[in-house]
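Subject: Structure handover

Hi,

Here is the structure I promised to pass on. My notes follow below it.

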Amino acid sequence: FTEKTLFKSLIRSWSTMASRLARLVALRCRDQPSAFRKAGFTVDESTCLIGPLKIVFAAGSGDKSLLGLDAWAWEGLPRSSQFAGLPTFDPPVEVPCPSADHPNTAFAVDHVVVKTNDLAGLASAFQAQGIEQRRSIELPNGMFQHFYRPANETIIEAIGTFLSKEPEPVAVEIWGLTVSVKDIDAAKLLLGDINASPVRNARQPGRRILTVRGKEIGGMATNLALMSPHVKVAKL
């Protein structure tokens, strides 16, 4: 190895180790827990455990602007009141327990969707903590999708634009969740036609998805989708 090659190798190793330390552990939700129960999730008092990720409920005042997901909690990052433009919080300390059995057959949060008008700022915050961008897709109307994968396999999907040259306030929000379920047809049967969209093919080959109609099940402001598990597609 030359010194330059060795240096680059060390940087990549450090980045990989850091990304393994950075772990999304919880999201704070201002919706009523009863809305998630109606969507087929098991909620224990104020917490819903979906795989390794906690949804911690702190119900809002009824103001619709204060509903939905509004903060996240990370392990392996420097302590701060915010990360990547979003507020952070300390989830309740509990004795570790296995993920709950959910009537809708949920077993993991596949990805968290973040919307922003400052994709570059979000990327910079992630990269500073060793969380590398895995994929980028250009969308119509100047929009982009960026995908990040921290240590616990929950993907962060960032969607939005880059700041224009004109001064504008930075806007970042946790827009919603896509949750993996073992049986998408059983989930659809549980939710019915009023509370969920028809099951349709997802963008990922071999996967199927439905959208939960939050307004129908009790005023859920969180945008929520349920998706069938990953499948291995045979290479031709």
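pLDDT is the predictor's confidence in each residue, on a scale from 0 to 100. You will need it, since this is a predicted model. The protein's average pLDDT is 86. A score of at least 70 is reached by 83% of the residues.

Confidence by element comes next. Strand β13 (residues 208-211) has the highest mean pLDDT among the elements, at 98. Helix α1 (residues 3-21) has the lowest, at 51. Residues 13-19 stay under 50 throughout. For that stretch the model has 10 contacts beyond four places in sequence.

Two residues are worth a look.

First, I131. This residue sits in the loop that runs between α3 (119-128) and β8 (133-138). Is I131 buried or exposed? Its relative accessibility is 1%, so I131 counts as buried, the cut-off being under 20%. A22 lies 109 residues away from I131 along the chain, yet their C-alpha atoms are separated by 7.3 Å.

Second, E157. It belongs to strand β10 (residues 155-160). E157 is buried but forms no salt bridge. Which side chain of opposite charge is nearest to E157? That is R203, 6.0 Å away. A salt bridge would need a side-chain nitrogen within 4 Å of a carboxyl oxygen. E157 does have a polar contact: its side chain and that of H111 are joined at 3.2 Å.

Best wishes

Notes
Residues numbered from 1 in each chain as written. Predicted model: local features only at pLDDT ≥ 70, side-chain atom pairs only at ≥ 80, totals over all residues. Heavy atoms only, no water. Helix = DSSP H or I, 4+ residues; strand = E, 2+ residues; numbered from the N terminus. Contact = heavy atoms within 4.5 Å. Buried < 20%, exposed > 50% of the residue type's maximum accessible area, 1.4 Å probe, protein only. Lys, Arg positive; Asp, Glu negative; His and termini not counted. Polar contact = N/O pair within 3.5 Å; in protein donor to acceptor, adjacent residues only side chain to side chain.
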